[in-house]
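Please keep the sequence and the model side by side while reading.

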Amino acid sequence: MNLKNTFWFFEKALTPEFCDKIIKLGIKKNPSLGVIKKYQNKKITSKDLKDLKKTRNSNTAFIDDAELYKKIDEFFLVANRNAGWNFEFDYYESTQFTVYKKGQHYNWHADSNGEAYSMDSGPSFKGKIRKLSATIALNDSKEYKGGDFLIDDSNPLKKKIYKVPALKNKGSVVVFPSHLHHKVSPVTKGTRYSLVIWALGFPWR
């Protein structure tokens with residue numbers, strides 16, 4: 001799938017006060033180590049942990065907040081239209097609050113491989129895939145170093161990796177197709193807070 005726009009960006013779209021509110025909500029959830037699919041619903045051994053952290057090393061918690069979803073909806077709708085994707089979607093997963101402390105990172109990965117959710121995931125998920133992803137910067141890069149957000153456009157004609165430096169500004173939002181590979185480079189100082197959301201829809205026909 002060749003895309004005219006790899007991502008759509010909203011700089012400082014959320015107020016600092018709102019971002020602080022989300023950080024407080026997330027911290028109260030006591031974030032724990034995030035896992036990747038191969039380790040879901042599995043007791044992780046010390047060997048598994050070492051392997052997991054090569055790909056993903058960050059702490060996460062999930063937040064459901066009505067005001068947050070209302071704001072998020074606008075970003076997805078505008079990005080989907082303005083970027084020219086025009087993907088069909090009708091549901092959002094719970095928002096994922098993520099904490100990256102010194103040395104933590106998330107290596108190259110895609111949020112969707114085209115595999116649809118099963119009935120076990122719930123009726124709102126059944127048969128749907130992640131179509132669009134969004135990442136929100138909850139704190140400013142003055143509070144940390146490293147933690148760069150990068151996206152691979154997956155287009156063999158361009159073969160370009162984009163760094164999104166403006167995403168290090170508090171309240172900024174980036175929306176992008178969920179099948180694109182992306183990463184967060186290691187944080188070298190301080191703590192990076194972010195929020196991730198996925199829009200679901202039925203597979204393309």
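Helices (H or I, at least four residues) and strands (E, at least two) are DSSP runs, numbered from the N terminus. The model is predicted, so local features need pLDDT of at least 70 and side-chain atom pairs count only at pLDDT 80 or more, whereas totals for chains, interfaces and linings use all residues. Residues are numbered from 1 along each chain as its sequence is written, and side-chain values use heavy atoms, with hydrogens and water left out.

Buried residues (under 20% relative accessible area, with exposed over 50% and partly exposed in between, for a 1.4 Å probe and protein chains only) in helix 3 include Leu68, Ile72, Phe75 and Phe76. Just after helix 3, Gly84 adopts a positive phi of about 80 degrees.

Turning to the strands, two of them pair if DSSP finds at least two bridges between them. Five strands form an open sheet in the order 3-7-13-10-11, with antiparallel pairing. Strand 3 (56-57) and strand 11 (161-163) stand at the edges with a single partner strand each, so one side of each has no neighbour in the sheet. Strand 10 (residues 149-152) is joined to strand 11 by three bridges, and Asp152 has Ile161 as its bridge partner there.

Why is strand 12 described as largely enclosed by the rest of the structure? Five of the five residues of strand 12 (residues 173-177) are buried, and therefore the strand is largely enclosed. In a regular strand the side chains alternate between the two faces of the sheet. Val173, Val175 and Pro177 point one way from strand 12, while Val174 and Phe176 point the other way. Strand 12 pairs in the antiparallel sense with strand 1 (residues 8-10) over three bridges, and with strand 8 over five bridges. In strand 12, Val173 is the bridge partner of Phe10, and Pro177 is that of Leu132.
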